[in-house]
Amino acid sequence: MEAYETLKYDVLIIGAGGAGLRAAISVCERGLRCGVVCKSLLGKAHTVMAEGGAAAALGNMGEKDSWEVHFRDTMVGGASLNNPRIVEIFAHEAIDRVLELEQYGAVFDRTPEGLISQRPFGGHTYRRLNHVGDRTGLELIRTLQDKAVSLHPTFHMEVTITSLLRDGQRVIGAYGYDRISGKPIVFQARAVVLATGGWGRMYRYTSNSWESTGDGAAMALEAGAELIDMEMVQFHPTGMLWPPSMRGILVTEAVRGEGGVLRNASGDRFMYTPEYTPERYRGKFAESTEEAERWLDDKSANRRPPELLPRDEVSRAIYKEVKAGRATEHGGVHLDVSHRGAAYVKRKLPAMYDQFLHLGGVDITREPMEVYPTVHYTMGGIRVDPETCASTMPGLFAAGECAAGLHGANRLGGNSLTDILVFGKRAGDGAAAFAEATDHGVVDPDQIAREEATLNAPLGRPAAETPATIGAELQEAMQTDAMIERTEVCLSRCLDRIHELQQRCDQIGVEGGRTYNPAWHAARDLRFQLRLSEVIVRSAILRKESRGAHWRTDYPNMDPDWGRRNVVARMVNSVVDVDTTPLPEMPEHLRLVMNEGAK
Amino acid sequence: MRDKIQLRVYRGDASGGETKEYAVDTYPGMVVLDAIREIQASQDGSLACRWNCKAAKCGSCSAEVNGKPRLMCKTRVEEVYDAAGVITVHPLKSFPIIRDLVVDVSWNYKMAETIAPLSVPDDVPRPFRMQQADVSRVQEFRKCIECFLCQNVCHVLRDHNRKDGYYGPRFMVKLASLDMHPLDDQNRREFLHETAGIGFCNITKCCQEVCPEEIKITDNAIIPSKERVADVYYDPVRMLLRRLRRS
Ligand SMILES: Cc1cc2nc3c(=O)[nH]c(=O)nc-3n(C[C@H](O)[C@H](O)[C@H](O)COP(=O)(O)OP(=O)(O)OC[C@H]3O[C@@H](n4cnc5c(N)ncnc54)[C@H](O)[C@@H]3O)c2cc1C
Ligand code: SF4
Ligand code: SF4
Ligand code: FES
């Protein structure tokens, strides 16, 4: 076995997006020794890309918003597959966390009264997204980064963790390598927090960065923790479609929030087709373009346009329009915000304006954008306790996109940025409390030797396969067979492909050494991607109904029996096992909150 | 647009290196970062470069394209290839090379640690009330994506390597964003002058020309900061400015 450095912390946080940084703040504030690891440089995590805003019921816009309405919207948007207690905590605490962020130094856009300005977003009854133009994620991550830095945790930038270390049935640390030098590092900690984000990179067209390979969820699964809702992958309705170099890059929902409209190739506002508004949303959306027009100026007297239905519905509608032959030139639909006027668009959507002008060659103040759904967010992930974010493995905590339970079958836009604040804090507190009551555990050299062998195998092996080819084939398989429209036939075909690629992984060879070698890095990431793809597909095969983002054309209806169960995945004798587990009961006081909304 | 381009990419590390040439097939909208990733996918997987968002939002993919500092993901190939279809891509020069296009920017993170965070007195009522007009300037500064392109071109850091004396334009922007925050109660003038070395800047504006976020670094952050500092300290440039303005 190779010599390795050992670093000891009270709490180790894996990931420095919003969730990891907020957890670090909590751990440091309790006076514990905290290490934070991330694959990129500080401030570059996925969170930086978020655009539209962070949802919290501040009620700054003169509407009667409250945590109860936010709770209801989130449950309805998630097709009630959400964990009610997680949503309750979330809707309550989102308010405090946003205000706290402002006190850390975030500078949100203001209302005329000098309060934080809030914009409308899909599935939210009221204007609820606290924002800074269309660069809210940058504001959030920079603020948390500065705050965390001032509390002095130890940051390990450009370090990749590749497996969790266990002492019996407890997680006691992690093994990883420095991306720059290629040298191995062993981290020992009394508690470990996973804040590793999502896994959009399993698909060919995604808004996600290279980091989103699902390492954290895959490592948790392999260490013995449970994953739930893995079939729930969010397809954001509006990804860029043209030019090919930009395919999949996000067009923020804020475009529709600021009045952007969707049209098919014949120029129809197709979202007004009644069948695109499911039963549970009937009567809540504008039924004529005139009403939608009036809504722009008077939000309280008019209903919102159906363009602002939750993302699963809008994505399906676009998919159906295209399939019915009403697609635009490159196979999508038009999103047009030009009627709002150049000055307004440039002020409210400066990054979008810039992105399309420079990279797409389209001036969105004059012409429509061409859009098509893109893989955006993963609702499923590590199963956690609502109060402490503890996973089902002692010593292991999880927060942010890698954890599950808040969003159910479909996430509402804006709920993730507050998710990472609320549960980042709770995971930090939970892990700190656990760490205070326990020791460091004993590192098992066999676990290190095993991981070292897996990690280093591709180095110097003849390149019968490359990570780039297998990665591309996986993305293609998922894109064709595990996308918006699913059937048992296509999912099974996808699973076969995944198994074949898993085998071929053992033939990967990479050129070059260990200093900053992207091919070698990708070879390890690929194993995580394949593992989670397998879990996604097997969970999707198991759920024989359509709900939220999971649309099975062979089981087109929502099934109340399935509505009471989550799909759970665990490793049994080194093999993935998927099963169902009862959804937590909704307590009486929350049932009343739900009924209030039905009136 | 041409169907094929030639990329001349610097390959090497601290011990030395050379420029290698790669032929790449183009497709519509291709940016320099796409071309680099094509090379990684089909010609040499070990070519090192940083990127994350591919949408000019994270500031990871900074490099010198044809000698000019740019974000590779915001640079369309047809904007930069020459008559023969050639583009050269080198790492940022002002920071030590690690490998290929990856440089060691850790100095910037060390400087950031020394800057005191926002400090709002306890008696300011929460939630804060601030007018949009009073925060717009601060928001301009907070658009910074830490690409460090400005740090790379500033001659104080690039030609004179005075990292021991001057924090560079990125941190002038950061300090200005704190100083101009309507509720911050810190006096940052001494820090700006004594520690961050604002006196080193002689307002050449090279930094502001390369900022991909179009932050008016010199005009809106540095010059006003110099004015404040000069109320307490002598600064030759600021004296000159004052004289020019008077005449
Ligand atoms: C383009 C875009 C726009 C969005 N807009 C919005 C919006 O407007 N509102 C909203 O609410 N949500 C939005 N989202 C979603 C939201 O941004 C993310 O869900 C959220 O930021 C995730 O935060 P996180 O902290 O969980 O993870 P991330 O920010 O993804 O951070 C993950 C961290 O884990 C690290 N990591 C991963 N694997 C490893 C490993 N093996 N070893 C070490 N470190 C590791 C990474 O380096 C990184 O630091 C958007 C997403 C995208 C892509
Ligand atoms: S204006 Fe000042 S900070 Fe900017 S490049 Fe010139 S000397 Fe450097
Ligand atoms: S100020 Fe501009 S150039 Fe400098 S680091 Fe920030 S974004 Fe980059
Ligand atoms: S990859 Fe994010 S700025 Fe270029």
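**View 1. Polar contacts and salt bridges link chain A and chain B.** Across this interface, 34 residue pairs are in polar contact, with both residues at pLDDT 80 or more. A polar contact is a pair of N or O atoms within 3.5 Å; within protein, one must be able to donate a hydrogen and the other to accept it, and residues adjacent in sequence count only if both atoms are side-chain atoms. The interface also holds 5 salt bridges (a side-chain nitrogen of Lys or Arg within 4 Å of a carboxyl oxygen of Asp or Glu). B:K74 and A:D354 meet in a salt bridge, at 3.1 Å from N to O. This is a predicted model: local features need pLDDT of at least 70, side-chain atom pairs count only at pLDDT 80 or more, and totals for chains, interfaces and linings use all residues. Residues are numbered from 1 along each chain as its sequence is written, chains are lettered from A and ligands numbered from 1 in the order in which they are written, and side-chain values use heavy atoms, without hydrogens and water.

View 2. The contact (heavy atoms within 4.5 Å) takes 59 residues from chain A and 53 residues from chain B. A:K44, A:V107 and A:Y516 supply 13% of the area that chain A buries against chain B, more than any other three residues.

**View 3. Thirteen residues surround ligand 2.** A residue is counted if one of its heavy atoms lies within 4 Å of the ligand. The closest are B:C154, B:C201, B:T204, B:K205 and B:C207. By class, the shell has 8 nonpolar, 4 polar and 1 charged residues.

**View 4. Domain 1 meets domain 2 within chain B.** An automatic or database domain assignment gives domain 1 (4–103) and domain 2 (106–246). Their centres, taken over C-alpha atoms, are 30 Å apart. Each domain gives 15 residues to the contact. The buried area is about 1100 Å², with 55% from carbon and sulfur atoms. B:P69, B:S94 and B:F95 supply 48% of the area that domain 1 buries against domain 2, more than any other three residues.

**View 5. One salt bridge crosses between the two domains of chain B.** B:R158 forms a salt bridge with B:E64; the closest N and O atoms are 3.0 Å apart.

Key
Buried area is the accessible area (1.4 Å probe) that two parts lose on being put together, summed over both. Ala, Val, Leu, Ile, Met, Phe, Trp, Tyr, Cys and Pro count as nonpolar, Asp, Glu, Lys and Arg as charged, and the others, Gly among them, as polar.
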